Number of protein chains: 2
Amino acid sequence: MNKYIQDTHAHVLIWLEEAANMIRESFTEQLIIETKSNFSDLVTNMDKSVQNFFIQKIMEYYPTHQILGEESAEQFKDTNREHVWVIDPIDGTANFVKQQDHFCILISYYENDIGKLGYIYDVMNKNLYYAIENAGVFLNNSKLPTPPAISLQEGLVSIDVRNWYGKASLERLATEAFDIRYFGCGGIDSIHVITGKFAAFAASIAGPWDIAAQRIFAKELGLCVSKFDGSDVNYLKGGNWVISNKAAYEDLLTIVKEF
Amino acid sequence: MNKYIQDTHAHVLIWLEEAANMIRESFTEQLIIETKSNFSDLVTNMDKSVQNFFIQKIMEYYPTHQILGEESAEQFKDTNREHVWVIDPIDGTANFVKQQDHFCILISYYENDIGKLGYIYDVMNKNLYYAIENAGVFLNNSKLPTPPAISLQEGLVSIDVRNWYGKASLERLATEAFDIRYFGCGGIDSIHVITGKFAAFAASIAGPWDIAAQRIFAKELGLCVSKFDGSDVNYLKGGNWVISNKAAYEDLLTIVKEF
């Protein structure tokens, strides 16, 4: 890894600790909760504060970089993609509000559309996962192995359940996969694929900030990432997507293609 | 709590620590995994060892007591119910095998069909939840409050997803509840209702060992437990069941009744 990436990584580690502390300390205060697109799409004052914190830090150190954040997506211009940050300050806001657990911070850094650094911070369990291009994937500074091959029939598969009712894909998945799970936080569900605990995670709806970091992890570990139709995921667009163990991917795709 | 219950509780706490250590230490050894009713219904040598450990301890201290254990259900005689233990040595065996996390030990002690002591031990997170009749619910010896009122529309609901495809209940739950989750371990999913993180957990299939402990927690905290049709759960029979926040229960029941 070059000096620029090494320095950037060092900065992000410090920012993440500070942001995670802000979030953990917020549980003693009253949250301000608003809804976005529908009654179960929540945003809190903490989503906004944590995002502003990251934007401020990035602007301080890297004033020319572009930032795509969940809570400020409209300000992003994709014409210059030399240095792009993608941020979800709190992925799994509903879990943050309802459980005070099972949410994470997602951050990634791209240069000319190539993923350089990806971070998934499971805040309450203090587990920081990160991926560095061509250097591998780490959990709290210990290198993680490539997960073993897990077929669909042997593997747990996570899906955003509420969007699957009435779908033929749900029946097939229920009968062809080992079993179904759902934490309700794309970052946490993805971590279970990254660590070989799930065969796959398939989400019918996702923002770019729900995908951008995980793509970098997947590349380092030989996991498959694509849209439900098998085409490439656009890390600046979002949509449906899967992250899957290689041994489960082809079988999974025959199922989600019908979604 | 009388001296007998107090002494029994003290014994169980010691047994649980020993059993949890056995389980945690087992991860360094090769598991022997077999299937039971179908390819995703697993049992391991550890389920059997842990159950035998509890049976041995109970027989040593309480030789006249009856024991209903998941892995030895056929040996149970329900004609004498003066002192009954119900044991699931590893609830969530699939998670134990696939994730090495999100499973638990479930134990309860009943006298003449009245729940006296219930235990849910989240082994990997070292969180021991227990309920004592008329004394309340505790997490690692701290008393837990009654969860706040959570309506179905505000609350996360956990279901055994794979059994719900094609059911009208799934569509209604997906549109009427706040959102759907599933850890895949009845004990862990129930804990989230007990601690006010979920509004409810509804399982379409469960053994008595999946229900008996939780009933005691529910009674102490004013949570609702019933079968899908609203009738009482038989702690020695099993079947479908819900554990629900009181504020979500009536709405939930109109949905699961149609299952």
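A polar contact is a pair of N or O atoms within 3.5 Å; within protein, one atom must be able to donate a hydrogen and the other to accept it, and residues adjacent in sequence count only if both atoms are side-chain atoms. By this rule, 13 residue pairs are in polar contact between chain B and chain A, with both residues at pLDDT 80 or more. The model is predicted.

On the side of chain B that touches chain A, three elements each supply at least two residues: α3 (93-99), α4 (168-176) and β11 (179-181). In total, 31 residues of chain B are in contact with 31 residues of chain A. The size of an interface is often given as the accessible area lost when the parts come together. Here the area buried between chain B and chain A is about 3100 Å². Carbon and sulfur atoms give 60% of that area.

Charged side chains also feature at this interface. Two salt bridges are found across the interface of chain B and chain A. R162(B) forms a salt bridge with D179(A). The closest N and O atoms of R162(B) and D179(A) are 3.7 Å apart. A lysine of chain B is also placed against a ring of chain A: K98(B) lies over the face of F178(A), at 4.2 Å from the ring centre. A lysine-ring arrangement occurs within chain B as well. There, K167(B) lies over the face of F259(B), at 4.3 Å from the ring centre.

Aromatic pairing was then examined. Over all chains, a search of the whole structure finds 39 aromatic pairs. One of them joins W15(B) and W85(B) in a tilted arrangement. The ring centres of W15(B) and W85(B) are 5.9 Å apart, and the planes make an angle of 45 degrees. W15(B) belongs to helix α1 (residues 3-25) of chain B, and W85(B) to strand β4 (residues 84-91) of chain B, so the pair ties together parts that are 70 residues apart in sequence. Buried residues have under 20% relative accessible area. W15(B) counts as buried because its relative accessibility is 3%. W85(B), at 1% relative accessibility, therefore counts as buried.

In chain A, one aromatic cluster is formed by Y4(A), W15(A), Y61(A), Y62(A), W85(A) and Y109(A).

Terms used: Residues are numbered from 1 along each chain as its sequence is written. Chains are lettered from A and ligands numbered from 1 in the order in which they are written. Side-chain values use heavy atoms; hydrogens and water are left out. Rings of Phe, Tyr and Trp (its six-membered ring) pair if their centres lie within 6.5 Å; planes under 30 degrees apart count as stacked, over 60 as edge-to-face and the rest as tilted. Helices (H or I, at least four residues) and strands (E, at least two) are DSSP runs, numbered from the N terminus. Buried means under 20% relative accessible area, exposed over 50%, partly exposed in between (1.4 Å probe, protein chains only). A charge sits over a ring if NZ of Lys or CZ of Arg is within 6 Å of the ring centre and within 35 degrees of the ring normal. Contact means heavy atoms within 4.5 Å. Buried area is the accessible area (1.4 Å probe) that two parts lose on being put together, summed over both. A salt bridge is a side-chain nitrogen of Lys or Arg within 4 Å of a carboxyl oxygen of Asp or Glu.
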